[in-house]
Amino acid sequence: MNLDKMLKEKLYDDIWQEYCGFLDLSLQEYMDIQHRLMLEQIDIYAGCELGKRIFGKHKPVSIDQFRRSVPLSTYGDYAELLLQKSDWALPSKPLLWIKTTWEGGDKPEKWAPYTESMVECHKGTFITCMILATSSRRGEFSLDINEKFLYGMAPLPYLTGIVPHIISEELTVDFLPTVKEAESMSFGERNKMGMKLGLEKGIDLFFGLSSVIMYITRSFSEKNNSGGLSNLIKMSPKAASRLTAAWIKSRKEKRSMLPKDLWQLKGLICAGTDSKTLKDKIEESWGIKPLEIFGGTEPTCIASETWARDGLVFFPDVCFYEFIPMVELERSFQNPDYEPHSYLMDELREGEEYELVISNLKGGAFLRYRTGDLFRCLMMKNNGEGIRLPHFQYVDRCPDVIDISGFTRISEKTIKKAIRLSGVKVTNWFAVKDFDDEDRAYFHLYLEMNNMEISPVVAEEVIKDHLSVYFRYVDADYKDLKKLLGIDPLMVTILPSGTIDRFTLTAKRKLRKMNPSHYDVIEMLRMIGLK
Amino acid sequence: MPVTQLVFFGVPTMALVSYCLLMLCLVVSEKDRYIRVFMAVLSALIVWTASAVLLRIDLYPGTLFWNRVMVTGMFFVPVVIYYFVSVLANQVKKMPLLLMSTALAFALAANYGGFVVEDARIITTDVLINGQSRPYYEFAYELGSLIIPVYLFFFVTIIAIIFKAITSMKSRVKAEGSVKLVAVGTTIMFIGVLMNLLPALGRYPFDIFATFINAMMMVIAIYKYRMLELRFVLTRGIAFAGITAVLATLFLNGVVWIDRHIDLFSSERSTTVTVLMILLAAAVFQPLFRLAHKLVNMIFQKADYSRRKALRNFSLTISGILSLDNICESLAEAIQSAIHTRRIYVMINNEDKKCFDMFYSSSKIFKSDFTMDYSNPLYSWFSENDNSLTSRTINAKPRFKSMWRSERKSLDELDIEVIVPVKSNGKLTGLILLSSKEDNKPYIADDLDLLTYLGTSAGVAFDNARLYAAAKLEANTDSLTNLYNHRYFLRILDEEVKKVRSGEISLLMMDLDYFKLYNDLYGHFDGDCALENIAEIIRRIVGNRGIAARYGGEEFTVLLPGHNAQQAYDIAEQIRIEIQSSFMEFSDQTKQFLTASIGICSYPFGAPTSDELLKRADFAMYKAKNNGKNQTVIYANNQEEENAANKVPSGEFLNEPEYVATIYALTAAIDAKDKYTFGHSQRVANYAVTLAESLNLDPSHLMILKEAALLHDIGKIGIPEHVLNKQQRLTEEEINLIHKHVEMSITIVKHLPSLSYVLPVVLGHHERWDGKGYPRGLSGENTPILARCLAIADAFDAMTSDRPYSKGRSAYVALQEIERNAGTQFDPELVVIFSKLLKNKNIQTSPTFHGTQVS
C-alpha cells in the first residue's frame with residue numbers, strides 16, 4: 001500500500017509508525033540496526049572487486065574487526081573505479097550515478113553509484129522529512145495528497161534531482177513547476193516559474209538550500225515591494241486576489257510584504273551549511289519554522305530534525321556512522337599520516353564536535369568515508385520530546401575546506417591553483433570563512449606580497465578582482481554564487497610582508513592555511529595594528 | 001395515546017435503549033482508544049437519558065432528584081465529547097481539559113446545591129380521549145439563580161467542540177471527515193439543549209432527541225474512521241435492536257389488546273390482576289425474545305463456525321501425533337479450513353545451526369529452502385512477543401529496519417503476509433508463514449487471533465514431536481560420528497531394497513586402511529577425531545543422495561537408492577580422494593597415511609537380496625585391500641571365489657619368517673649406508689631386549705622390541721650419506737634433517753603392513769621423559785615402554801660407538817651420562833634397571849663394561 005492510499009484511508013498512525021517510528025527507538029535498538037545492516041554491507045561488499053581491494057583476502061567478520069582493518073577513506077581512494085563508472089567492480093549494480101563537484105580534487109567532478117536499495121531508502125527518508133516538516137507534535141502531521149511543492153533544488157544528475165522522480169510512486173505531489181518543465185529550465189527560470197505558479201495555486205511545501213531560500217526571499221521582497229500592486233493587471237484573478245490580500249496584511253502591520261503574507265506553508269525544508277545562521281530569518285519571512293535536513297552525494301539524505309526542530313537525528317538504516325572527535329582531527333591536521341580514531345553513535349559526548357565518517361549501507365560504494373562535515377552532539381537523548389537518540393547540530397565543513405552557501409567548497413588546493421594561475425606574487429597566505437552583515441558567507445583571503453608599490457587599499461580591490469577571475473576559472477561552482485545568489489564570496493586583505501612568519505615566531509605555533517583559529521587571527525591582526 | 005405523550009415517554013426510552021445496546025456491543029468488542037473514549041461519551045449519555053426516563057415515571061426518590069442526575073449527565077456530555085473530538089483530531093491538550101473539568105466541578109456543585117433547577121415535578125392531569133378520561137403527564141421545572149453561568153459553561157464547551165472540529169478541518173490535520181460529522185452532530189445537540197431555556201419547549205425532550213442524533217453521528221464517525229471490527233459489532237447490534245423492537249411492538253400490541261378486552265388500566269381492576277396479566281404477556285414473549293436472540297447469534301456466529309470447527313479438530317488431532325510431518329499437515333489443514341490461505345509454510349527451530357529451517361510447505365510445487373538466522377530481528381521479536389505479525393507491520397516497524405534485503409526478498413518471493421510464532425513454554429520452536437488469502441482480502445484481527453491460538457496449540461505438539469524424534473534419532477545414531485548406527489543401517493537396508501522396483505540401489509562398504517596403526521600411534525582420541533572427520537566427509541559428499549552409517553569400528557557403509565554401480569563408484573571415489581587429500585594436509589607427516597578401501601555392489605544386478613548385497617560389497621572391499629588399499633572396487637560376479645582364496649590375513653604377523661627376512665634385509669641396507677654405525681641396530685636390539693626381559697614383558701612384546709630396534713634407524717636411508725658420515729659438526733639444517741629420520745622410518749614401514757606393529761616403538765625412540773623430544777614431544781609414560789627401552793639402548797650404543805666426528809666413549813662414561821639424564825631424557829626407573837644390568841654384566845657390551853674404568 002503506497003502513501004497515497006494510506007492517506008486516503010486515513011491510516012495516520014500507520015504512516016507515522018512507518019516513516020517516523022525510528023524516533024521511538026532506544027539507542028541500543030538503533031545501534032542493533034546499524035550493526036546488522038553494516039554486516040549485510042560487509043557481506044555484499046566482500047564479493048566485489050572493490051571489496052577485494054579494501055578487505056584483501058579476509059572479509060571482516062565483526063564490526064570491530066571491520067573498523068580495525070579498514071582504513072578511513074576519501075574520494076581519491078575510489079576515484080579510479082568510480083570516475084570510470086565501473087559497475088563491474090561495485091558491490092551492487094548501480095541504478096543511477098549521481099554527480100557533484102570535487103572541490104580540490106584531481107578531477108572537476110565526483111560520481112557516486114546509487115543502487116536500487118539506496119534509491120528506495122532515499123525515497124523513504126525524504127518522505128519522512130516531508131512528514132516531519134508538516135509536523136509540530138509527535139504523531140501529528142498535515143502532509144496530504146496533491147500538495148503544492150515548490151522544489152528549489154538542482155535536477156538530476158545531482159542528488160536533489162532524484163526526489164521528484166521517485167516520490168510519485170508513493171505520493172502524488174504537485175511540483176511547481178512540473179518535473180518535466182523544471183528540467184529544461186535554468187535555476188533562475190525555475191524559481192521564477194515556481195513562484196508564479198505558487199501565486200496562482202498556493203504553496204504547501206518548499207524545499208531548498210537555506211542560502212537559496214534566503215535569496216528567493218530577498219528577490220521576492222525587492223520585486224513585490226518596489227513594484228507595488230502595478231503588476232496585478234498582468235495576473236490571473238486568483239493570483240491577484242492573493243497578492244492583494246497579502247499587500248493589505250503587510251500594510252496593516254506596517255512592514256514590507258513577506259512570503260508569509262502570501263502563503264501559509266505546511267512545511268519548509270532547508271539544507272546546506274548556512275542553515276544554522278539563516279533559519280531564524282527564513283522563519284521570520286515564511287512564517288514557519290523550517291525543518292533542517294542533512295545529506296550529501298556520498299551518504300544520501302541521512303539526517304533530519306524532528307517535529308521539535310531542536311537538532312538533527314540520523315536515520316538508522318541509511319549509512320553506518322562513525323565520528324572523529326576534534327582532538328583526533330587536530331592531530332590528523334598536524335600529521336597527515338595519522339589515522340584518527342573514530343567513535344560510534346553510542347560513544348559520543350554531549351557538546352563535543354565530530355567529523356562524520358560514513359559507510360554506505362544497501363550496496364553503496366563508500367566505506368569509512370570521511371565526509372568532511374562537522375557536527376556538534378547537542379544531546380544524547382531528548383527527554384523533553386521523549387526521543388532516546390542523539391541530536392546533532394551541523395557546524396560546518398571541516399576547517400580545511402571553506403563552504404560558501406552550500407554551493408562551492410574552497411580548498412587549499414583551489415586557492416593555491418588560483419594564485420599560481422593569476423601570476424600574483426603571493427609569498428604567504430591564509431583563508432578564513434566569514435559572514436557579512438546579512439549573514440551571507442564569504443571567504444576572507446589574507447595575503448602577503450612582494451614589492452608592494454601601490455597602496456594596499458587599491459591593491460586589495462585590484463587583486464580581489466584579478467583573483468576572482470581565476471577562482472571562477474578553477475572552480476566551476478564559484479561563478480554560480482554571483483549569478484544565482486548574488487553573492488561576492490571573496491574578500492582580500494593584504495598583510496605586511498613577513499607577518500605570518502612573525503606570528504609563528506611570537507606565538508610559537510604554526511598558523512593553519514585554511515580556517516586558522518579565530519583567536520590566532522585576532523592576535524595576528526593586533527600584532528600589525530589592524531585590530 | 002396522544003403524540004405528545006408518545007414523545008414524552010418514547011424519545012428518552014428509545015434513546016436509552018439504543019445507547020444501552022450500543023454500549024453492550026462496545027463492551028464485548030475489542031477496544032482501542034477511540035472506542036474507549038466513545039464509551040465514556042455513551043456513559044454520560046446513558047446517565048442523561050436514563051435519569052430523564054426515571055424522572056418521567058416519577059421513581060423514588062423523586063422527580064427533582066432525577067432531574068439533578070439528568071443535569072449531571074447533561075453537563076458531562078459536552079466535556080467528554082470535547083475530549084472525543086480532541087482524540088479524533090489527535091490534538092489532546094491538557095489545559096482546556098483542566099479548565100473544563102474545574103468548571104464542571106463548579107457546575108455540579110451548583111446543580112446539587114439547587115442553584116440550577118430549584119424545583120421539578122411531573123404534573124398529571126386527566127384528559128378526555130375518544131370520550132374516555134386518560135391521565136396526561138407533563139414535566140414542569142423552575143430554574144435556579146445560577147442557571148445562566150452554568151448554562152454558559154455548557155454552551156461555551158459546545159462552542160469549543162465546534163471550534164475545535166472546524167480548526168482541525170481547516171488545518172487538514174487528520175480525520176477531518178470524522179470530525180466534520182461530530183461538528184454537525186454537536187451543533188444539533190447545541191440547538192436541542194438551547195430549547196431547554198424556553199420552558200414551553202423544555203418540557204418536551206428535544207434536548208435528548210438532539211443528543212441522540214449527535215450520538216448516532218459519532219457512531220458513524222467512528223465507523224468511517226476504519227473501525228473494521230466495529231462493522232461486525234454494529235451489524236449484530238442493529239440486528240438485535242431490530243428484532244427487539246419488533247418483539248417489543250408485538251408485546252405492547254398484546255398488552256393493548258388485553259387492555260381493550262379486559263380493560264387492564266381501569267380503576268375497577270385491582271393492581272394485582274393488572275400486574276398478573278402483564279406478567280402473563282411477558283411470559284409468552286420472553287421465550288420469543290430468547291429465541292430471536294439465539295437466532296441472531298447463530299447467524300452472526302456462522303462465519304465463526306468454520307474457525308471454531310478447525311480449532312476443535314486441530315486440538316483433537318494433534319494430541320495423538322508424534323510425527324512433526326503429521327502435525328504440520330494437521331496444522332495446515334486447520335488453517336486452510338478456517339482462513340483459506342494460498343500457501344502455508346512451517347519453519348522449525350534448528351538450535352544447532354542457530355536458525356529456523358523450512359520444514360513444511362502446503363504446496364507440492366512451491367518448496368523453499370529459506371532459512372531464518374537467529375540474528376534476524378523477527379527472531380528476537382517473536383522471542384519477546386506472542387502475537388502474529390503481518391507483512392505490513394514488518395515493513396512499518398522501525399525495529400525491522402535491520403532486516404537484510406535478501407531476507408525481505410525471500411519473504412516477498414514466498415508472498416508471505418503473516419508470520420505466526422509457535423511457542424512452547426515461552427520458547428520459540430517454530431514459525432508458521434502464510435501467504436495471501438485466496439480471495440486476496442487482508443488478514444483481519446480475528447484471523448490473527450485464531451492463528452496465534454493455533455500457533456500456541458502447535459507449540460506443545462512440536463515440542464513433543466521434537467523430543468520423540470530426538471530420542472528416535474539418538475537410538476539410531478552412532479554417538480561418535482553422528483551417522484546412523486549398524487542396527488539402523490541393517491533395517492533401512494532391508495527396507496530400501498524392498499522398495500526398489502525398476503531401479504537400482506548400490507551399497508558402498510568402506511574400511512579405513514592402517515586405522516589400527518593410526519590408533520596405536522596416536523591414541524584413541526586422535527583416532528576418534530579421524531573417524532569424526534571422515535564421517536563429516538562422507539556426510540558432505542553423500543548429502544541427501546543416500547544414507548550413510550558407521551558399520552562398526554573403522555567401517556562405514558553408504559546406501560545409495562536410485563544409483564547404479566558406476567554412479568556409486570563416482571561417489572565412492574570422491575569420498576576416497578577427499579579422505580586421502582584431507583589427511584595429506586596434516587603438517588605432521590606421520591599422520592599422512594590414513595586412506596580408505598571401498599567395495600561396491602548393486603541390487604538387483606550385483607546381488608539378489610539385501611544380505612547378499614552386504615556380503616558382496618564386503619568382498620569387493622577386501623578385493624580393494626588386497627590390491628594395495630586406497631582404492632574402490634566394484635563387485636564382479638567371480639569375485640567371491642577369488643576373495644576366498646586371497647583374503648588378506650588379518651591377525652598378528654609376529655614370528656613369520658618372511659617378515660623377519662624383510663627386517664634383516666632393511667637392517668642390512670641401513671648398515672651398508674652408514675658405515676660408522678655398522679652393527680648399531682643389532683646391538684641396540686640386544687641391549688633393548690635384555691632391558692625389556694628384566695621387566696618381565698611377554699615374548700610378543702620382546703619380539704616387537706627386537707624388530708623395532710632393528711628397524712629404528714631405517715629412516716636414515718633417506719638421509720644423504722655426506723650428512724650421515726660428516727666428520728665436522730653438523731649444521732642446524734643438517735641436524736633437522738637427521739631428526740627427520742624418525743618420520744622417514746614411519747613412511748617406509750607403513751608401506752609394509754605386516755610390520756606396522758613396530759611403528760609406535762620406532763616413532764617413540766627419540767621422545768624424552770621430560771617431553772622435549774621429537775617428533776611428537778610425548779612425555780613420561782605417554783611414550784610406549786618399549787620405545788623408552790629403545791631410547792636408552794640407542795643412546796648407550798650411540799655413545800659407545802665410534803662416530804665420524806668423535807671416538808666412542810667407554811661404557812662407564814656412557815652409563816654415567818645416561819644416569820645423569822635420568823628423569824629428564826630417560827625413564828628414571830628403566831635407567832636404574834639398565835645400570836644394574838650393565839654393572840652385573842647381564843648386558844654384553846662392546847667395549848666391555850669394567851666397573852668404574854674405561855677399558
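Helices (DSSP runs of H or I, at least four residues) and strands (DSSP runs of E, at least two) are numbered from the N terminus. This is a predicted model, in which local features need pLDDT of at least 70, side-chain atom pairs count only at pLDDT 80 or more, and totals for chains, interfaces and linings use all residues. Residues are numbered from 1 along each chain as its sequence is written, and side-chain values use heavy atoms, with hydrogens and water left out.

**Around A:Val179**
- A:Val179 lies in helix H9 of chain A, which covers residues 179–183.
- Beyond its neighbours within four places in sequence, A:Val179 is in contact (heavy atoms within 4.5 Å) with A:Pro164 and A:His165.
- Between the C-alpha atoms of A:Val179 and A:Val163 there is a separation of 10.0 Å, and the two residues are 16 residues apart along the chain.

**Extent of the interface**
- Chain A contributes 32 residues to the contact and chain B contributes 29 residues.
- The buried area (accessible area, 1.4 Å probe, that two parts lose on being put together, summed over both) is about 2,600 Å² between chain B and chain A, with 46% of it from carbon and sulfur atoms.

**Pairs and composition**
- Four salt bridges (a side-chain nitrogen of Lys or Arg within 4 Å of a carboxyl oxygen of Asp or Glu) are counted between chain B and chain A.
- One salt bridge joins the side chains of A:Arg36 and B:Glu407, at 2.5 Å from N to O.
- In chain B, helix H13 (391–396) and helix H14 (405–413) each supply at least two residues of the side that touches chain A.

Definitions and conventions. Chains are lettered from A and ligands numbered from 1 in the order in which they are written.
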